[in-house]
Amino acid sequence: MSKNSTSAERSKTNAYNSRRKFLQATAAAATVPYFYSSPKTLAQETASANDRMSIGVIGSGGMANGNMNAAKQWVNVVAIADVDSERAESSNQRMSGGKADVYEDYRHILERDDIDCLHIATPDHWHTKPLVEAMRAGKDIYCEKPLTLTIDEGKLIRKVQKETGRIVQVGTQQRSTFNLFVKAMALVNEGRLGKITSVSAAIGGAPASPMIPVVDAPKNLNWDRWLGPAPAVDYRNLPVEGKRAHTNCHYEFRWWYEYSGGKLTDWGAHHVDICNWALKLNGLKEGPTSIMGTSEHPVDFKDGVPQQIDRYNTATAFNFTVNYPGDVKMTIRHDTRNGVLIEGTEGKIFVNRGSLNGKPVEDLKDNPLPEDAISKVYKGLPMEGNERKAHWANFLHCVRERKEPISDVHSHMEMLNVCHLAGISARLDRSLKWDDKAEQIVGDDQANAMLGRPYRDGYEIEG
Ligand SMILES: NC(=O)c1ccc[n+]([C@@H]2O[C@H](COP(=O)([O-])OP(=O)(O)OC[C@H]3O[C@@H](n4cnc5c(N)ncnc54)[C@H](O)[C@@H]3O)[C@@H](O)[C@H]2O)c1
């Protein structure tokens with residue numbers, strides 16, 4: 001491997017790096033849930049630039065830039081890898097004033113022993129491989145959601161996390177939104193809704209597109225490496241006045257099953273996660289038993305495979321019911337009012353990124369939550385800020401303390417299995433029975449074949 005370019009001197013050893021050996025030695029303790037209490041805030045501990053954690057960024061698009069802006073007071077970005085050199089260079093200016101080293105191949109970052117922490121914000125089809133390799137290289141990682149494209153990838157990630165004990169935070173930042181989603185979980189946990197009978201994730205469907213023509217990929221983009229483990233296809237782009245171009249690449253990858261699960265995993269990773277969290281707090285011990293529903297796609301499908309290759313193909317509408325033991329139900333549906341509805345025998349609440357309402361919320365005026373209600377549901381210290389900032393603070397604390405963060409890979413995969421099952425059911429247009437212990441679809445070989453995906457030569461993931 002050769003380095004593409006170096007734009008500045010490397011960050012030198014800092015306070016965190018000096019603790020690296022100790023952190024690695026104690027990594028095995030990483031999977032124990034806890035409530036963190038520190039005498040100092042993260043801001044106090046990272047007051048000087050030398051005390052900040054050195055971080056490498058893999059994939060420097062919209063989300064990575066937003067995340068690094070949220071975490072900038074606590075971290076120094078010392079390396080950036082992107083297969084689009086223009087994006088890497090402009091992100092370098094924004095994230096580090098041009099001081100980070102820039103690479104095309106992320107493996108250069110994994111080789112560096114002066115970098116403990118990574119942020120992975122590549123498209124979804126490029127999450128599992130660098131994440132697994134990074135854990136094995138001894139790094140702690142904040143990886144964007146959804147962690148995987150398939151259920152089998154989730155099994156591998158959980159296995160490697162257990163083997164290595166690395167700290168992995170998933171970018172489902174709703175879990176750190178204290179005034180909305182976390183408060184909703186506290187209400188559930190305190191029994192203010194009674195026994196939960198149903199949860200519902202309302203998310204919009206994916207957009208459709210016209211035919212998108214094949215054009216030359218921009219010179220600054222290594223298209224073959226952007227595709228990586230996905231099938232080799234041509235680059236497509238159709239400019240749209242005043243809006244993002246239709247493409248099978250940057251940002252719009254979300255609307256192609258080759259690189260994403262569409263809205264079912266893009267937003268499902270957020271709202272199905274909240275649904276699943278509520279069910280677990282309410283005592284649900286087992287996963288789902290079956291899924292059934294309807295969906296609409298902008299292209300025809302045969303044997304689960306889109307038959308037109310020149311336009312977006314993920315579901316534009318859907319309505320799925322997921323059945324759990326004990327007559328508990330989850331629905332995942334296309335709805336213009338995005339949010340999560342949680343219904344119990346004593347009341348119901350609706351929560352989204354702008355509001356939390358329902359009678360149990362109104363009742364808080366007369367009967368407030370106990371002081372420890374948030375700490376009983378939230379692993380890690382609630383820090384300064386909310387949502388994205390607090391989620392980063394939670395991650396960085398957990399790295400220091402070698403504790404499991406609030407969005408751990410195990411809870412994430414538990415709920416992402418449900419999103420992936422909905423995707424398989426949508427593509428095959430039939431109901432599925434699920435054996436949660438075996439993580440297998442019951443009596444359906446064709447559906448079971450979709451639990452994994454083939455990887456292109458040179459992009460295999462070591463099991
Ligand atoms: N948590 C949230 O609320 C939230 C919001 C938006 C996006 N996301 C997630 O963040 C991820 C990125 O989304 P985005 O909107 O920033 O996408 P994007 O297309 O803008 O950025 C992805 C970047 O990764 C780069 N890339 C692709 N393959 C690479 C490789 N092998 N090595 C290095 N770089 C590579 C691309 O060139 C691009 O610059 C997605 O998984 C998405 O689901 C999460």
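Colleague: What are the ground rules here?
Modeller: This is a predicted model, so local features need pLDDT of at least 70, side-chain atom pairs count only at pLDDT 80 or more, and totals for chains, interfaces and linings use all residues. Residues are numbered from 1 along each chain as its sequence is written, and side-chain values use heavy atoms, with hydrogens and water left out.

Colleague: Ligand first. Which residues come nearest?
Modeller: Met63, Asp82, Asp124, Gly171 and Tyr251, out of 29 residues around the ligand. A residue is near if one of its heavy atoms lies within 4 Å of the molecule.

Colleague: Which polar atom of Gly171 faces a ligand nitrogen, backbone or side chain?
Modeller: Backbone. A polar backbone atom of Gly171 is 2.8 Å from a nitrogen atom of the ligand. The cut-off for a polar contact is a pair of N or O atoms within 3.5 Å.

Colleague: And what do Glu144 and Arg87 do?
Modeller: An N or O atom in the Glu144 side chain is 3.0 Å from a ligand nitrogen. Arg87 has a polar side-chain atom 2.9 Å from a ligand oxygen.

Colleague: Tyr251 was on your list. Where is it?
Modeller: Tyr251 sits in the loop between strand 9 (243-247) and helix 11 (263-266). Its phi is positive, about 60 degrees, although Tyr251 is not a glycine. Helices (H or I, at least four residues) and strands (E, at least two) are DSSP runs, numbered from the N terminus.

Colleague: Where's the cis peptide bond?
Modeller: From Lys145 to Pro146, with omega near -20 degrees. Pro146 is in the loop between strand 5 (140-143) and helix 8.

Colleague: Switching to packing. How do helix 7 and helix 8 cross?
Modeller: Helix 7 (residues 128-136) and helix 8 (residues 151-164) cross at roughly 15 degrees, and their axes come within 9 Å. Axes are lines fitted to C-alpha atoms, over the stretch in contact for helices, and angles run from 0 to 180 degrees between N-to-C directions. The two helices are therefore roughly parallel. Angles under 35 degrees count as roughly parallel, over 145 as roughly antiparallel, 65 to 115 as roughly perpendicular and the rest as oblique.

Colleague: Left-handed or right-handed?
Modeller: Left-handed. That label applies if the near helix is turned anticlockwise from the far one by less than a right angle; clockwise is right-handed.

Colleague: What about helix 9 and helix 12?
Modeller: The axes of helix 9 (residues 178-189) and helix 12 (residues 268-281) come within 9 Å and cross at roughly 25 degrees. That makes helix 9 roughly parallel to helix 12. Their crossing is right-handed. Residues in the contact (heavy atoms within 4.5 Å) include Phe181 and Met185 of helix 9 and Ile274 and Trp277 of helix 12.

Colleague: Last pair. At what angle do helix 12 and helix 16 pack?
Modeller: About 115 degrees, with the axes of helix 12 and helix 16 (residues 409-428) 9 Å apart. That makes helix 12 roughly perpendicular to helix 16. This crossing is right-handed. Among the contact residues are Asp273 and Lys280 of helix 12 and Glu414 of helix 16. By class, the contact has six nonpolar, four polar and three charged residues.

Terms used: A polar contact is a pair of N or O atoms within 3.5 Å; within protein, one must be able to donate a hydrogen and the other to accept it, and residues adjacent in sequence count only if both atoms are side-chain atoms. Ala, Val, Leu, Ile, Met, Phe, Trp, Tyr, Cys and Pro count as nonpolar, Asp, Glu, Lys and Arg as charged, and the others, Gly among them, as polar.
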